[in-house]
Number of protein chains: 4
Amino acid sequence: MTVRLGFIGTGDLGADHVRRCANILSGATVPALYNRTQSKAQTVAEQFASEALVTATPEELIESPEVEAIVISSASQTHEDLVLKAIEAGKYVFCEKPLATTADGCERILHAESAAAKRLVQVGFMRPYDDGYQNLKSLLTDDAVGPVLMAHAAHRNPFSGPHYTREMLISETLIHDINTFHWLLGESFRTVQVFYPRPTSRADAALRDPQLVLLETSSGVLITVEVFVNCQFGYDVQCALIGENGELRLPEPARAALRKNGQTSVAIPMDCKERFATAYDRELQAFVDGVAAGTLTGPDSWAGYVASATADACIRAQKSGQKEAVQLITQPEFYRNDTAV
Amino acid sequence: MTVRLGFIGTGDLGADHVRRCANILSGATVPALYNRTQSKAQTVAEQFASEALVTATPEELIESPEVEAIVISSASQTHEDLVLKAIEAGKYVFCEKPLATTADGCERILHAESAAAKRLVQVGFMRPYDDGYQNLKSLLTDDAVGPVLMAHAAHRNPFSGPHYTREMLISETLIHDINTFHWLLGESFRTVQVFYPRPTSRADAALRDPQLVLLETSSGVLITVEVFVNCQFGYDVQCALIGENGELRLPEPARAALRKNGQTSVAIPMDCKERFATAYDRELQAFVDGVAAGTLTGPDSWAGYVASATADACIRAQKSGQKEAVQLITQPEFYRNDTAV
Amino acid sequence: MTVRLGFIGTGDLGADHVRRCANILSGATVPALYNRTQSKAQTVAEQFASEALVTATPEELIESPEVEAIVISSASQTHEDLVLKAIEAGKYVFCEKPLATTADGCERILHAESAAAKRLVQVGFMRPYDDGYQNLKSLLTDDAVGPVLMAHAAHRNPFSGPHYTREMLISETLIHDINTFHWLLGESFRTVQVFYPRPTSRADAALRDPQLVLLETSSGVLITVEVFVNCQFGYDVQCALIGENGELRLPEPARAALRKNGQTSVAIPMDCKERFATAYDRELQAFVDGVAAGTLTGPDSWAGYVASATADACIRAQKSGQKEAVQLITQPEFYRNDTAV
Amino acid sequence: MTVRLGFIGTGDLGADHVRRCANILSGATVPALYNRTQSKAQTVAEQFASEALVTATPEELIESPEVEAIVISSASQTHEDLVLKAIEAGKYVFCEKPLATTADGCERILHAESAAAKRLVQVGFMRPYDDGYQNLKSLLTDDAVGPVLMAHAAHRNPFSGPHYTREMLISETLIHDINTFHWLLGESFRTVQVFYPRPTSRADAALRDPQLVLLETSSGVLITVEVFVNCQFGYDVQCALIGENGELRLPEPARAALRKNGQTSVAIPMDCKERFATAYDRELQAFVDGVAAGTLTGPDSWAGYVASATADACIRAQKSGQKEAVQLITQPEFYRNDTAV
């Protein structure tokens with residue numbers, strides 16, 4: 001069976017997803033594309049999906065009978081509206097993170113999806129599809145270290161773009177770590193706090209880069225996350241979980257060791273597309289397979305909501321300098337029996 | 001475009017390849033299967049390819065107009081005949097290693113393929129599709145260590161089956177390392193020699209496990225390969241290349257580090273299907289893509305021939321205890337412009 | 001030249017120091033020992049220093065003309081008084097950390113030593129003598145990562161004794177990390193804060209183990225220190241420094257890698273005497289050499305004071321749950337030109 | 001008790017040993033020095049042992065009543081004669097490797113020492129005093145991997161001096177590995193063979209650098225040793241032992257990891273004095289302690305003999321290109337109950 005995917009947003013990551021579906025994944029075709037700048041969609045179609053129709057509006061794509069399921073990689077502020085329209089059309093939708101730019105927006109999606117009485121949404125958190133993180137998850141499931149008490153993470157990018165803001169450091173970057181720990185630990189967050197170390201001189205002072213975020217889960221696990229989006233040296237993601245009986249640590253990407261000139265060196269990836277190449281493939285394959293089977297399995301709207309609500313609290317904490325409570329609505333019955341990734 | 005693959009041999013690895021093509025790869029369908037024990041093919045069809053026809057003979061599958069390309073995972077001694085028939089039928093064929101059980105058999109395939117004047121054969125050496133080995137290859141291509149002078153490799157399996165023979169230690173196991181160095185260094189071998197260390201008591205004495213093989217390439221690179229098929233502890237593949245200016249080493253598989261009970265431990269894969277899961281996916285995707293594009297790119301018949309001719313010399317060396325020359329025919333013009341992996 | 005050392009306190013670590021001076025170090029002899037329980041001193045004398053006199057009081061030892069310099073390893077609450085008496089006697093004194101149990105006590109020592117107008121005190125912080133930490137220090141000195149912005153550390157012990165209290169987690173354990181960063185970064189601390197993660201069930205609830213301490217240096221470097229004194233798995237000390245241009249990480253102790261039973265494992269030391277064996281040797285050798293040369297070089301009274309004053313603030317922060325300021329007196333002129341370790 | 005050491009040979013390593021005894025070791029003084037170029041001895045005396053007498057001849061030093069034990073670091077061809085004279089004088093002697101330049105020379109020492117009926121000689125093999133090698137030895141003693149079947153080693157120097165010859169690659173470099181395996185495995189060697197890989201262009205062609213040596217122990221353990229004395233990148237010593245149940249690997253020296261510019265790098269030592277600094281300290285401390293106790297414990301004359309006799313066979317194998325037998329005399333009763341390191 002082949003799933004017919006329509007793509008909304010064919011920028012950097014969106015185009016990469018089209019390539020992925022056209023060339024790498026099993027069971028997917030690409031009948032339609034939409035992009036705000038239509039010529040960009042045209043170019044991507046020519047490159048990867050020559051028979052795809054480029055639609056004039058996203059609504060046209062969503063409603064097209066040629067399109068069975070939708071992949072959204074457009075700008076973050078368009079996500080909520082597009083996901084709601086896909087749900088209304090009764091179609092499966094893969095939406096890049098964040099699911100919506102506010103917790104309120106996510107809530108509206110939760111309501112719509114619950115009302116449709118069918119799980120239709122997968123959120124684009126790719127780390128649960130990374131071998132290393134899966135390894136951590138499976139060792140936690142096997143109780144390798146006993147109850148987790150603390151965790152330490154780092155999320156480092158070599159450089160942030162010129163328009164990167166202090167809030168985006170949370171809403172675009174930290175949000176992955178929020179979701180990661182939600183998924184790894186199977187619990188949500190109670191409080192958050194943000195600290196500003198001495199800033200790097202290599203970024204705009206207003207960005208206040210790096211930052212240290214403390215997340216406290218409902219059971220009291222304390223998580224430190226260093227976020228540093230201008231670390232210069234690489235795209236570097238670290239994660240350690242400390243339990244009553246031991247520690248688990250995310251492996252480094254496997255790269256050849258070179259002995260030369262008095263040192264042994266190992267390359268560090270320079271961007272997320274290199275670091276998580278296989279994970280991106282797998283998250284979209286999971287979506288395609290889920291659509292084909294009629295049962296989605298990856299990060300759901302509830303995960304998207306928890307991430308956004310927690311990120312909102314972090315942004316408040318950036319401003320207040322205080323510990324901020326994470327306020328979550330009661331988890332709707334509809335989302336209680338999620339199939340874990 | 002979708003490539004229609006017929007599978008000959010649905011044992012352990014063959015069934016895994018069917019699963020791969022049905023569920024993971026892009027652009028492949030499975031219209032036909034054959035297995036010596038027909039019921040086994042039936043079971044695999046039910047599991048992964050419910051619409052596939054199970055043929056009564058391999059010839060029926062090869063000739064079926066529903067089948068565009070053939071994947072051979074049957075017993076080694078059937079390879080030569082089946083590949084020749086596929087070539088005769090003008091069809092692309094992916095054949096698990098070894099291409100044939102003797103260098104002579106491989107030569108007959110070289111002649112048939114040259115006569116067909118079209119590259120039709122890809123040999124199932126998967127290591128060139130492994131991230132770690134590709135990393136080595138790309139660093140060599142970038143001249144990271146200068147001219148290579150020596151290499152050290154180990155090929156360890158936890159246990160060999162009961163029917164594993166001393167020759168199979170070469171023809172089934174070492175053959176991967178032979179191909180690996182042929183591909184990495186871009187040269188073939190001049191002489192080989194086999195040494196017997198003190199044997200493990202955990203295998204049949206006749207097997208003489210482990211063994212040490214010395215391979216000398218045409219430019220004089222000296223390669224040591226430890227082959228140990230009952231090492232107990234894991235499926236462990238090592239490779240180091242020593243050049244004039246430095247050393248390159250194959251990375252270990254990325255696995256989480258666990259600190260517990262006074263030690264830090266990292267899991268070692270226990271079989272090749274775990275160790276090379278992604279590489280197997282990629283080698284078959286490359287075959288599918290090559291068939292669709294009309295241009296195969298992976299290990300070709302010449303690589304299969306070199307591996308078998310070198311393995312033959314190693315088996316002679318096992319018996320003689322002497323250095324044995326590797327005798328190769330002149331590389332036919334047809335194979336001189338191989339597209340490297 | 002040989003330095004004649006008198007030892008006060010011959011418990012676990014004290015006896016080890018006697019052994020060290022008698023058997024390992026260059027240029028030291030042991031003419032006198034004192035211990036509260038005299039028989040214990042007797043036993044240690046028999047074992048390592050058969051010609052040593054066991055004195056009835058510490059004062060007798062301090063004043064003995066046979067004793068040129070004093071090593072104090074007695075209970076923490078005795079340190080201040082003994083160091084002051086050694087200074088009064090005009091003798092060099094090596095005092096195990098903490099220099100005094102309060103910042104006030106350390107201040108009195110600063111005054112006495114300044115008044116003596118001669119550096120006489122070395123505090124027993126051994127990490128600056130560890131190869132790994134020295135490697136960090138030397139790379140920082142070479143500006144390997146640019147200005148440091150953050151640091152992450154962990155200080156883990158497998159088990160704490162039965163009488164270990166929440167305060168001791170700071171005054172006996174964290175104090176090493178406080179000194180480490182004071183020395184590595186060359187600056188003192190502005191504020192501290194303590195957080196309580198979900199506690200381990202393997203320690204007394206009142207201990208609240210583990211804890212997370214945030215230290216902010218005068219230039220704004222933000223340091224996270226996980227302190228976990230019942231981590232079960234080993235004596236494990238971690239340190240990472242994040243600068244504008246890169247990250248530096250403390251090496252793991254060098255131990256053989258064992259591949260066996262599906263894993264590669266490396267032993268973790270189980271106590272500080274194993275982890276820092278060589279560092280202990282070197283700190284005492286530095287003291288002996290310093291005494292012989294008439295110029296001490298290791299951690300001085302000011303370092304001892306900064307550590308204690310910062311620890312005091314951490315203990316206040318344990319109780320208040322708030323960020324606490326570290327109040328330091330102005331650094332006396334006398335201590336401004338310390339010879340760094 | 002203090003041991004009075006006389007030093008013969010105060011070149012590079014000899015001067016370092018004087019410094020060691022004067023400044024680092026416990027229980028040693030330096031009353032006398034001799035060097036062929038007397039002014040060099042004078043300089044070293046001034047630097048490290050101002051009260052030492054510089055003798056006019058080595059014999060004068062050996063016979064001096066001020067000298068209790070002798071440390072020989074003079075040119076290799078002088079070793080035999082000087083060791084014999086020390087034995088004749090009834091004095092303990094530490095002799096840098098090789099014990100003598102030929103197996104015959106070593107035999108004469110065996111006879112003299114046996115005749116003296118007292119162990120007087122320690123040979124300067126320092127690796128058994130290195131933490132990493134001791135870790136290997138202790139894990140072997142605990143039967144961590146079962147019976148050893150194979151081993152792989154590498155002995156790499158960045159550059160060899162201008163007068164380094166093909167034979168010295170064996171007699172000065174490989175000899176350490178010969179002794180290492182003799183000590184680790186507790187057995188001597190049956191046969192040896194030498195192979196010449198493609199040579200580096202960075203050394204004189206006559207040197208034929210690198211080389212691969214195969215050593216076969218009496219029980220059939222097969223050892224590969226890569227010797228490469230112009231590897232450019234560092235002083236790099238590797239050792240892996242493969243047993244029936246697992247593999248043991250020598251740890252890398254502990255050095256800080258630096259993440260910077262897209263790579264994680266760890267420094268490699270550039271010479272043996274850096275790599276084995278602590279091991280050199282310990283081997284001489286063991287000698288001093290052994291002299292004081294009247295019982296030497298380190299590598300003995302028999303170990304020196306085995307190393308030289310095996311090296312002789314390797315030099316024959318360099319010339320013959322064939323497998324050469326190692327011919328050993330029967331181990332004299334006198335050496336059968338060696339105290340292992």
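Helices (H or I, at least four residues) and strands (E, at least two) are DSSP runs, numbered from the N terminus. The model is predicted: local features need pLDDT of at least 70, side-chain atom pairs count only at pLDDT 80 or more, and totals for chains, interfaces and linings use all residues. Residues are numbered from 1 along each chain as its sequence is written, chains are lettered from A and ligands numbered from 1 in the order in which they are written, and side-chain values use heavy atoms, with hydrogens and water left out.

**Around Lys91(B)**

Stay on Lys91(B). It is buried but has no salt bridge. Buried means under 20% relative accessible area, exposed over 50%, partly exposed in between (1.4 Å probe, protein chains only). A salt bridge is a side-chain nitrogen of Lys or Arg within 4 Å of a carboxyl oxygen of Asp or Glu. Glu63(B), the nearest side chain of opposite charge, is 8.3 Å away. Lys and Arg count as positive, Asp and Glu as negative; His and the chain ends are not counted.

**Salt bridges**

Next, go to chain C and select Arg20(C) and Asp281(C). Their side chains form a salt bridge, 2.6 Å from N to O. The pair links distant parts of the chain: Arg20(C) lies in helix H1 (residues 12-23), Asp281(C) in helix H9 (residues 277-293), 261 residues apart. Arg20(C) counts as buried, at 1% relative accessibility.

Move to chain A. Glu333(A) forms a salt bridge with Arg336(A), with the closest N and O atoms 3.2 Å apart. Glu333(A) is exposed at 54%; Arg336(A) is partly exposed at 44%.

Then select a network of salt bridges: Arg156(A), Glu226(A), Asp236(A), Glu252(A), Glu247(C), Arg249(C) and Arg259(D).

**The axes**

Finally, display whole chains. Chain A can be laid on chain C by a turn of 180° and a shift of 0.0 Å along the axis, with an RMSD of 0.0 Å. That is the relation of a two-fold axis. Copies are superposed by least squares on the C-alpha atoms of residues with pLDDT of at least 70 in both. Select Thr224(A): in chain A, its C-alpha is nearest the axis, 4.2 Å from it.

Chain C superposes on chain B by a rotation of 180° with 0.0 Å of shift along its axis (RMSD 0.0 Å). Here select Ser265(C), whose C-alpha is the nearest to the axis in chain C, at 2.1 Å.
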